[in-house]
Amino acid sequence: MAEKEHRVEFKKETVSKLLSGHFKEDKTRLSSDATILMSEMLKVLVQEAALRSLKQAESEDCDQVHIEHFEKILPQLLLDF
């Protein structure tokens, strides 16, 4: 059976609200291109975190990924991004 490829994306409205919440001035606006770019960056970050967590779990001979695996990869992940 062929595997279905799931396309995961962040909603543009959600990303826009997250970013806008950190603006110091109310007049600051976010372009559509910036929102799309940030959505892609978030997607890459989440995919990389999931992959590194999986590799960490495999290196510990675990068959499931737990939060502890994510916590172990988080410092290096944040330094890489």
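1. V8 lies in the segment before helix 1; helices (H or I, at least four residues) are DSSP runs, numbered from the N terminus. This is a predicted model, in which local features need pLDDT of at least 70, side-chain atom pairs count only at pLDDT 80 or more, and totals for chains, interfaces and linings use all residues. Residues are numbered from 1 along each chain as its sequence is written, and side-chain values use heavy atoms, with hydrogens and water left out.

2. V8 has a relative accessible area of 56% and is therefore exposed; the cut-offs are under 20% for buried, over 50% for exposed and partly exposed in between, with a 1.4 Å probe and protein chains only. V8 and Q47 are 39 residues apart in sequence, with their C-alpha atoms 9.7 Å apart in space.

3. What does K43 contact beyond its neighbours within four places in sequence? The partners are R7, V8 and F10, where contact means heavy atoms within 4.5 Å. K43 sits in helix 2 and counts as buried because its relative accessibility is 13%.

4. S39 is also a residue of helix 2. Its relative accessibility is 10%, so S39 counts as buried. With residues up to four places away in sequence not counted, S39 touches F10 and V15.

5. The buried set in helix 2 consists of T35, S39, K43, A49, R52, S53 and A57. These buried residues pack against helix 1 and helix 3. As background, an α-helix has 3.6 residues a turn, so residues three or four places apart point the same way.

6. D61 belongs to the loop between helix 2 (32-59) and helix 3 (67-80). Just after helix 2, D61 takes a positive phi of about 55°, although D61 is not a glycine. Most residues other than glycine have a negative phi. D61 is exposed because its relative accessible area is 74%.

7. The secondary structure comes to 3 helices and 0 strands; a strand would be a DSSP run of E with at least two residues. Along the sequence the pattern reads α-α-α. The radius of gyration is 17 Å, well over the 12 Å that the globule rule gives for 81 residues, so the protein is more spread out than a compact globule. This radius is taken over C-alpha atoms, and the rule is 2.2 Å times the number of residues to the power 0.38. The C-alpha trace spans about 50 × 35 × 15 Å along its principal axes.

8. Buried residues make up 14% of the 81 residues. The protein exposes about 7,200 Å², of which carbon and sulfur atoms supply 56%; accessible areas come from the Shrake-Rupley method with a 1.4 Å probe. Of the contacts with a separation of 6 or more, 46% are between residues 24 or more positions apart.

9. On confidence, the protein averages a pLDDT of 90, and 95% of the residues score at least 70; pLDDT is the predictor's confidence in each residue, from 0 to 100.
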